[in-house]
Amino acid sequence: MKTVVTILGLLMATVNVSQAQNLEGKVTTEEVKITNFGVSVTVDSAEDIESTFSIKDIKTVLKEIEGEEELSFEMTCNGEKISDNVKRKVSYRVTGNSNDKAEFLKRVKKVRKAAIQFYTNRD
């Protein structure tokens, strides 16, 4: 009987001590700022390029970026196998600044067009 009373006493003490205390504190929120923005896309065909993204998608994302932030866009095009363990591949990369979004978009359009030509002219 002593054992049962002791176990019940310890159980009740543990439950009482483990009760969550009401904590009062100050919650602060800070503004989120994008410092670098980069997009990297790997594709296997021209159809992948057309279905993966459009310039409109990039414009939508760029609208959210304010201030003077670094921007980068990279596209890697995988090609067919040339020889043992060697695949044909080309990468395009452009960088810019959010102060000149129009020029950055112009370069992204050129990269997209060049990547599509990579697949159409691979013969």
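## Burial and overall layout

Of the 123 residues in the protein chain of this predicted model, 26% count as buried. The chain holds four helices and three strands, and from the N terminus on they follow the order α-β-α-α-β-β-α.

## Confidence

The average pLDDT of the protein chain is 80, and 83% of the residues score at least 70. Among the elements, helix α4 (residues 101–120) has the highest mean, 89, while helix α1 (residues 2–17) has the lowest, 68. A word of care for anyone working with coordinates: where pLDDT is low, they should not be read in detail.

## Salt bridges

Let's turn to the charged pairs: the count comes to three salt bridges. In one of them, Glu 74 pairs with Arg 93, with the closest N and O atoms 3.6 Å apart. Glu 74 sits in strand β2 (residues 70–83) and Arg 93 in strand β3 (residues 86–97), so this pair ties together parts that are 19 residues apart in sequence. Glu 74 is partly exposed at 23% relative accessible area, whereas Arg 93 counts as exposed at 54%.

Arg 88 and Glu 80 form another bridge, their closest N and O atoms being 3.2 Å apart. Arg 107 bridges to Glu 103 at 3.6 Å; these two are four residues apart in helix α4, which means about one helical turn separates them. Both ends are partly exposed, Arg 107 at 35% relative accessibility and Glu 103 at 28%.

## A positive patch

On the surface, Lys 56, Lys 59, Lys 63 and Lys 109 gather in a patch of positive charge. Helix α3 (residues 55–63) supplies the largest share, three residues. Lys 56 lies in this helix and, at 64% relative accessibility, counts as exposed because the cut-off is over 50%.

Terms used
Residues numbered from 1 in each chain as written. Predicted model: local features only at pLDDT ≥ 70, side-chain atom pairs only at ≥ 80, totals over all residues. Heavy atoms only, no water. pLDDT = per-residue confidence, 0-100. Patch = residues over 30% accessible without salt bridge, like charges linked within 9 Å, V, L, I, M, F, W, Y side chains within 5 Å. Areas by Shrake-Rupley, 256 points an atom, 1.4 Å probe, with all protein chains shown as cover. Salt bridge = Lys/Arg side-chain N within 4 Å of Asp/Glu carboxyl O. Lys, Arg positive; Asp, Glu negative; His and termini not counted. Charge placed at Lys NZ, Arg CZ, Asp CG, Glu CD. Buried < 20%, exposed > 50% of the residue type's maximum accessible area, 1.4 Å probe, protein only.
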